[in-house]
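Here are some notes to read alongside the model, for anyone opening it for the first time. Have the sequence and the 3D view side by side as you go.

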Amino acid sequence: MGVTEAAGHRQLISNISITYRKILLNPSYKYLLLLLGAPVNLVVFLIYMFQSKKDAYTSLRSKIQAELISTGFRDKLRTEQLEQLKRKHEFFGQKVSEEKFNRELETLTESRFREVVEERTRKQLELNGKKRLTFADTFESLIANPVFFAVSWIPGMLMYILLFLYSRPYLKFIFERLIMSVFVIFGVAVLVFTILHLSPFNPAANILGETATKEQIAAFNQLHGLDQPYWTQLWNNIKGIFTFDLGKSFSGSEEITNSIARKFPVTLTLTVISLLFAMIIAIPVGIISATRKNSFFDYTFMFIALLGLSIPNFWQGLIFILNFSIKLQWLPATYNPQNWLSMIMPVIVLGTGLTAAVARMTRSSTLEVINEDYILTAKAKGLGKRQVLRKHAVRNALIPIITVIGLQFGGMLGGSAVTEKVFNISGIGSYIVDKQFIPDIPAIMGGVVYTAITISLVNVIIDIMYAFFDPRIRSKMKQY
């Protein structure tokens with residue numbers, strides 16, 4: 001191994017050891033690290049236990065403990081604790097049995113004695129220029145051995161991946177957000193299934209009709225697993241979601257996964273186009289309103305935005321159909337994927353509320369930023385108005401705007417059912433609504449959870465954008 005390779009190896013070992021120590025001090029990651037690297041950590045633990053018996057700390061601690069006992073310090077400590085415990089019981093008027101009193105006294109004495117021994121041992125080690133052997137020290141000494149390090153890669157692969165992610169602030173940030181999203185998605189799945197399970201609706205009776213016999217209902221329930229216990233049904237549905245195998249719909253022979261795969265992209269496409277449409281209009285409008293505060297443009301734009309927030313989607317959609325489809329016959333009343341004109345009205349209807357919300361947030365956020373001292377300093381340096389807005393004001397005003405966009409996107413994606421019903425769009429929203437009154441549990445769970453997954457991923461992207469636009473968040477990420 002060359003000098004450069006040896007230096008690189010030492011640096012790698014040092015980085016791994018430092019990260020390993022940091023994780024052991026972090027309760028959120030400690031047990032995950034020990035679990036992912038269980039085979040390696042088990043070997044480290046056994047060697048640590050063997051070496052700790054010969055450690056300077058262990059021998060010194062035993063010596064100090066014996067000296068304190070021989071000098072009667074422990075008995076003196078017991079007498080002090082006895083007096084304190086008596087005064088405590090007298091003050092609070094507590095009456096306890098002699099056995100319980102003695103047990104409490106021994107516990108307090110032993111705890112205080114251990115504290116004194118630990119403190120004196122630590123001070124004596126510092127005076128001698130030594131330190132206590134730790135689990136992390138044992139790990140560092142073992143991976144410094146090239147043979148052990150190489151052999152540990154296969155059983156400890158997941159652990160080393162975690163160490164790599166933790167040592168990179170941005171990757172750690174993304175990893176944490178993804179893990180949080182998994183818990184959110186799992187929680188959504190459990191909540192949705194529980195609500196449907198407790199629903200008074202009877203899928204078998206609703207589908208088979210009032211003339212169905214008990215034998216037919218029992219056969220239906222057995223066919224679809226509705227006669228199984230709650231936990232079994234919950235597990236089967238969650239497993240189906242994550243394996244993309246939700247089985248067949250209660251109300252037909254259609255494969256649920258295939259139906260969702262056809263309908264979900266329609267809703268997602270509609271939502272994304274509406275989002276882009278809203279951003280292209282709302283952000284410039286908000287900036288113009290902020291730079292021309294209390295002007296005719298400002299009042300006009302904000303009045304229109306207020307109308308956009310106040311108009312219900314279904315009413316706006318019906319008005320559009322009556323005017324642009326029936327009366328003027330400019331646009332088709334129903335959605336047709338082969339005709340791009342049929343997407344204009346749904347996009348406008350779905351994006352109106354978002355446009356209004358983003359425009360108002362952009363205005364208020366920009367107004368707050370342009371009055372800051374650093375904006376005045378930039379102007380004093382001779383920078384042009386547009387340059388100040390573009391480089392300083394807008395960039396710092398984007399954080400609340402991004403927040404609104406992220407929240408509104410989730411609302412648009414999850415609440416698109418009304419718009420889809422008005423324009424007869426065969427999307428995931430209308431699909432869930434149609435299955436709700438049966439209720440077709442696997443179909444509803446699949447639609448809701450896959451929507452929740454998409455919203456969670458969008459929120460992860462929003463969080464990453466926070467770090468990109470706000471240097472304070474980046475610096476905070478690097479501190480952990």
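**Notes on the model**

1. You'll find Gln-81 in helix α5, residues 73-92. Beyond its neighbours within four places in sequence, Gln-81 is in contact with Leu-105, Leu-108, Thr-109 and Arg-112 (contact means heavy atoms within 4.5 Å).

2. A word on where this comes from: the model is predicted, with local features needing pLDDT of at least 70 and side-chain atom pairs counting only at pLDDT 80 or more, while totals for chains, interfaces and linings use all residues. Residues are numbered from 1 along each chain as its sequence is written, and side-chain values use heavy atoms, leaving out hydrogens and water.

3. Now the whole protein. It has 23 helices and 0 strands (DSSP runs numbered from the N terminus: helices are H or I with at least four residues, strands are E with at least two). The radius of gyration is 33 Å, whereas a compact globule of 480 residues would come in near 23 Å (taken over C-alpha atoms; the globule rule is 2.2 Å times the number of residues to the power 0.38). Along its principal axes, the C-alpha trace spans about 105 × 85 × 70 Å. Of the 480 residues, 39% are buried.

4. Which residues touch the most other members of the largest nonpolar core? They are Leu-270, Met-345, Leu-354, Val-358 and Phe-423, in a core of 34 residues (a nonpolar core is a set of buried Ala, Val, Leu, Ile, Met, Phe, Trp, Tyr and Cys residues joined through side-chain atoms within 4.5 Å). Two or more residues each come from α14 (256-291), α16 (313-327), α17 (344-370), α19 (385-414) and α22 (441-469). The largest share is from α19, with 9 residues.

5. Leu-270 is worth a click. Setting aside its neighbours within four places in sequence, Leu-270 is in contact with Met-343, Pro-346, Val-347, Leu-350 and Ile-425. Apart from this core lies another one, of 25 residues, including Val-192, Ala-204, Leu-234 and Ile-432.

6. Thr-451 is in helix α22 and counts as buried because its relative accessible area is 7%. Leaving out neighbours within four places in sequence, Thr-451 is in contact with Phe-264, Leu-413, Gly-414 and Ile-428. Thr-19 sits in helix α1, residues 3-24, and is buried too, with a relative accessible area of 7%.

7. Finally, the largest pocket, with a volume of about 370 Å³. On a 1 Å grid over the protein atoms alone, a pocket is an open set of points where a 1.4 Å probe fits, with protein on both sides within 12 Å along at least five of seven lines; lining residues have an atom within 4 Å of a point. The volume is the space filled by probe spheres set on the points. Of the 18 lining residues, His-224, Asn-236, Asn-237, Leu-246 and Pro-442 lie nearest the centre. Helix α13 (230-242) and α22 each give two or more residues to the lining, and the largest share, 5 residues, comes from α13.

Technical notes
Buried < 20%, exposed > 50% of the residue type's maximum accessible area, 1.4 Å probe, protein only.
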